[in-house]
Amino acid sequence: MRWIGSLLAAFGLIGACIAEGSDTAPTPAKGGTTVETGTLEGAAFRIDLPQKWNRGLVVWFHGYAITPVQLPASQPVAPQLKQFVDRGYAVAQSAYSATGWAVEQAAADSERLRRHFIDKHGKPRETFAAGMSMGGTLVVMALETSADTYAGGLSLCG
């Protein structure tokens, strides 16, 4: 039955499919969500951890970007990711250490972030991969190469 909540989040993401959007200490955000930002081996990251975390994690893969993706803690969570956070899932997203068609770097940077999340917050009950555009390709890649890591995935606009 847990998959029903994930499916509902997917429908919310489909509606937002067109939109996409320095180490700091965790920042409390509106609604009791803690936002952690930082850098891991040249890749900026952002983690949104709801106050009522359901012990699920979504690793978000962003799409193709010519300029570095910005993930400031001062901004609210992106609308397509809010669907997950509102349902109690933590969301971890890497800005990647390279721009353009950076599939290899994105996969390594996102895996590094997933491991950082586990080291800091504990092992999630379940982990999902989600992304759109180039990120959708990365979701499929993650599911194929790390089937034991991910309970499922959502590839949008791939």
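Of the 158 residues in the chain, 47% are buried, where buried means under 20% relative accessible area, exposed over 50% and partly exposed in between (1.4 Å probe, protein chains only). The model is predicted, so local features need pLDDT of at least 70 and side-chain atom pairs count only at pLDDT 80 or more, while totals for chains, interfaces and linings use all residues. Residues are numbered from 1 along each chain as its sequence is written, and side-chain values use heavy atoms, with hydrogens and water left out.

The chain contains 4 helices and 7 strands; these are DSSP runs numbered from the N terminus (helices H or I, at least four residues; strands E, at least two). Their order from the N terminus is α-β-β-β-β-α-β-α-β-α-β.

The largest nonpolar core has 21 residues, and Phe61, Phe117 and Leu138 have the most contacts inside it. A nonpolar core is a set of buried Ala, Val, Leu, Ile, Met, Phe, Trp, Tyr and Cys residues joined through side-chain atoms within 4.5 Å. Two or more residues of this core come from each of strand S3 (43-49), strand S4 (56-61), strand S5 (90-94), helix H3 (103-121) and helix H4 (134-145). A second, separate core of 13 residues includes Trp60, Phe84, Val91 and Met132.

Contact means heavy atoms within 4.5 Å. Leaving aside neighbours within four places in sequence, Phe61 is in contact with residues including Tyr96, Ala106, Met132, Leu138 and Tyr150.

Phe117 belongs to helix H3 and is buried, with a relative accessible area of 0%. Not counting residues up to four places away in sequence, Phe117 touches Ile47, Leu49, Trp53, Leu57, Ala90, Gly122 and Pro124. The C-alpha atoms of Phe117 and Ala92 are 7.7 Å apart, although 25 residues separate the two along the chain.

The structure holds 2 aromatic pairs. Rings of Phe, Tyr and Trp (its six-membered ring) pair if their centres lie within 6.5 Å; planes under 30 degrees apart count as stacked, over 60 as edge-to-face and the rest as tilted.

| Pair | Centre to centre | Angle between planes | Type |
|---|---|---|---|
| Trp53 and Phe117 | 5.5 Å | 85 degrees | edge-to-face |
| Tyr89 and Phe128 | 6.0 Å | 75 degrees | edge-to-face |

Trp53, in the loop between S3 and S4, and Phe117, in helix H3, are 64 residues apart, and their pair links distant parts of the chain. Both Trp53 and Phe117 are buried. Tyr89 lies in the loop between helix H2 (79-85) and S5 and Phe128 in strand S6 (residues 126-132), so their pair ties together parts 39 residues apart in sequence. Tyr89 and Phe128 are buried.
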